[in-house]
Amino acid sequence: MNGTGNSQAALDIAYQVHPQTNLRLHDTRGPMIIERAEGAFVYDDGGQRYLDAMSGLWCVSLGYSDQALKDAVKAQIDELPYFQLFAHRSNNPSIDLAALLIEKAPVPMSKVIFQCSGSEANDTAVKLAWYYWNSRGKPEKKKILALNRAYHGTGISSGSLTGLVNIHSQFDLPLPGFLHTRCPHHYREGLEGESEEDFVARLAQELEQLIVEEGPDTVAAFFAEPVMGTGGVVVPPEGYFAAVQKVLQRHEILLIADEVICGFGRTGEYWGSTKFGIRPDMLTCAKSLSSAYLPVSAVMVSESIFEAMVEQSDRVGVFGHGYTYGGHPVCAAAAIAAITRYEELDVVHKARAMGQLLQDGLRQFVDHPLVGEVRGVGMMAGIELVQDKATKAAFDPKRLVGGACSAFIQDRGVISRNLIDTMAFSPPLIVSESEIDMILEAVAGGLDDTLAWAKKEGLK
Ligand code: PLP
């Protein structure tokens, strides 16, 4: 049951703050309360079933009822529900998970640091970039670069890395020293008639210009998602990361790949870095790391970063960073179980095959009067809705067309997420062909419903 017609909804409105929600509207609209789930489906408190085509927030890759994962969590709680890693202490699951991640890393990595969220992982990576350059005798290398539209979290530094106005606005972010450059969104940022190749060359040149203007000796690191998720499912054009990496190398700037969404098969490869030829100095991951059953994130660092950390910690006396729950044994056990299940179920291969069906199916809608572009890779896809296909003119964001479309798709039993007016899809990697068909059917009907509504509202 949606809305305010039950006591749980009333309690939710009375006592809970909802992220990325209009808090005034929540008072009248109330929550959608999900009570239980099975496979790719979730059930609300009225018993209504929905196919969760967003895997929660791009994260429940194994679906909601992986018994092996649940069993692993239960077994670990029974054996050791908590122990910490500060001051030379350790626990077995965190040791095993660190070793497993180093084995799986897309490029040679040296060590792993655990946190609980993607935001914390990126905050850690920012601090490590600063720590690294301090240890290398270049303490003036402090500025951090990221992309417009990027989403790296909502902490003070991860929120500063994020390149979205609604995350910055009224929170006094970004902090000084966090700079954003144009994102590789050919549909929105390409010039009239500009080829993808020329677009890539222009982006690399703009990045270099920014670095030179700021002073290369003041720039520490560049963060990027292999495929932007929350920024609108933006797949970089061919050659983008190769061009960016040349610029970064010329100016001795670290590259940090944010694999919080892309890691563990989402793009149809195990890592987005492998898919797009990224050779990061640090890599952050979270979400599918445990298929979201428990909160855990990791930062992997190269040998050269780790060497600097060793020197610095020796100089100071300790490596002065860490969280109470970093390396939590139950979260680590969940992550080991998730990674094991990805192997057992051949999830990456499956995601590639089902992803192709999803991508091909969604591209059928490219001629729909509301659709500007359909894009995506593997099991992440976006449909950008536009007011005018020819001019690419967007709808007035205040008219909430994407929100309406999401509601119409949901009325047809499928959960999607509107990123302003881009409809995002990121189903569990274990979905079947018939479940992909259910998504496509709901999108077809949802787009038509949205068009009829938009016409009635005088928007189209
Ligand atoms: N990085 C990326 C690419 C993300 O998509 C997200 C969350 O959606 C984050 C970082 C932040 O992760 P968390 O919400 O766990 O802090």
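Colleague: How much space lies in the second largest pocket?
Modeller: About 870 Å³. Keep in mind that this is a predicted model.

Colleague: How many residues line the second largest pocket, and which lie nearest its centre?
Modeller: The lining has 25 residues. L85, F86, A87, F319 and H321 are the ones nearest the centre.

Colleague: Which helices and strands each supply at least two residues of that lining?
Modeller: Helix α5 (92-104), strand β4 (111-115) and helix α13 (303-316).

Colleague: And where does the largest share come from?
Modeller: From β4, with 5 residues.

Colleague: How do the lining residues divide into nonpolar, polar and charged?
Modeller: For the second largest pocket, 14 are nonpolar, 9 polar and 2 charged.

Colleague: Now cavities. How many are there of 30 Å³ or more?
Modeller: The count is 1 cavity. The largest cavity has a volume of about 40 Å³.

Colleague: What lines the largest cavity?
Modeller: L147, P184, E225, P226, M228, V234, P236, Y240 and F241. That lining divides into 8 nonpolar residues, no polar ones and 1 charged.

Colleague: Change of topic, helix packing. At what angle do α10 and α11 pack?
Modeller: About 20°, with the axes 9 Å apart. The α10 helix covers residues 196-214 and α11 covers residues 240-250. Angles under 35 degrees count as roughly parallel, so α10 is roughly parallel to α11.

Colleague: Which residues make the contact?
Modeller: On α10 they are V200, L203, A204, L207, E208 and I211. On α11 they are Y240, A243, V244, V247, L248 and R250. The residues of this contact divide into 10 nonpolar, no polar and 2 charged.

Colleague: Is the crossing of α10 and α11 left-handed or right-handed?
Modeller: Right-handed.

Colleague: What about α4 and α14, what angle there?
Modeller: Helix α4 (residues 67-79) packs on helix α14 (residues 329-344) at about 155°, and their axes are 9 Å apart. The cut-off for roughly antiparallel is over 145 degrees, so α4 is roughly antiparallel to α14.

Colleague: Which residues of α4 and α14 meet?
Modeller: From α4, A68, L69, A72, V73, Q76 and I77. From α14, P329, V330, A333, A334, A337, A338 and R341. This contact of α4 with α14 has 11 nonpolar residues, 1 polar and 1 charged.

Colleague: Left-handed or right-handed, as α4 passes α14?
Modeller: That crossing is right-handed.

Terms used
Residues are numbered from 1 along each chain as its sequence is written. This is a predicted model: local features need pLDDT of at least 70, side-chain atom pairs count only at pLDDT 80 or more; totals for chains, interfaces and linings use all residues. Side-chain values use heavy atoms; hydrogens and water are left out. Axes are lines fitted to C-alpha atoms, for helices over the stretch in contact, and angles run from 0 to 180 degrees between N-to-C directions. Helices (H or I, at least four residues) and strands (E, at least two) are DSSP runs, numbered from the N terminus. Angles under 35 degrees count as roughly parallel, over 145 as roughly antiparallel, 65 to 115 as roughly perpendicular and the rest as oblique. A crossing is left-handed if the near helix is turned anticlockwise from the far one by less than a right angle, and right-handed if clockwise. Contact means heavy atoms within 4.5 Å. Ala, Val, Leu, Ile, Met, Phe, Trp, Tyr, Cys and Pro count as nonpolar, Asp, Glu, Lys and Arg as charged, and the others, Gly among them, as polar. On a 1 Å grid over the protein atoms alone, a cavity is a set of points where a 1.4 Å probe fits but cannot get out, and a pocket is an open set with protein on both sides within 12 Å along at least five of seven lines; lining residues have an atom within 4 Å of a point. Grid points are joined across faces, edges and corners, and a volume is the space filled by probe spheres set on the points.
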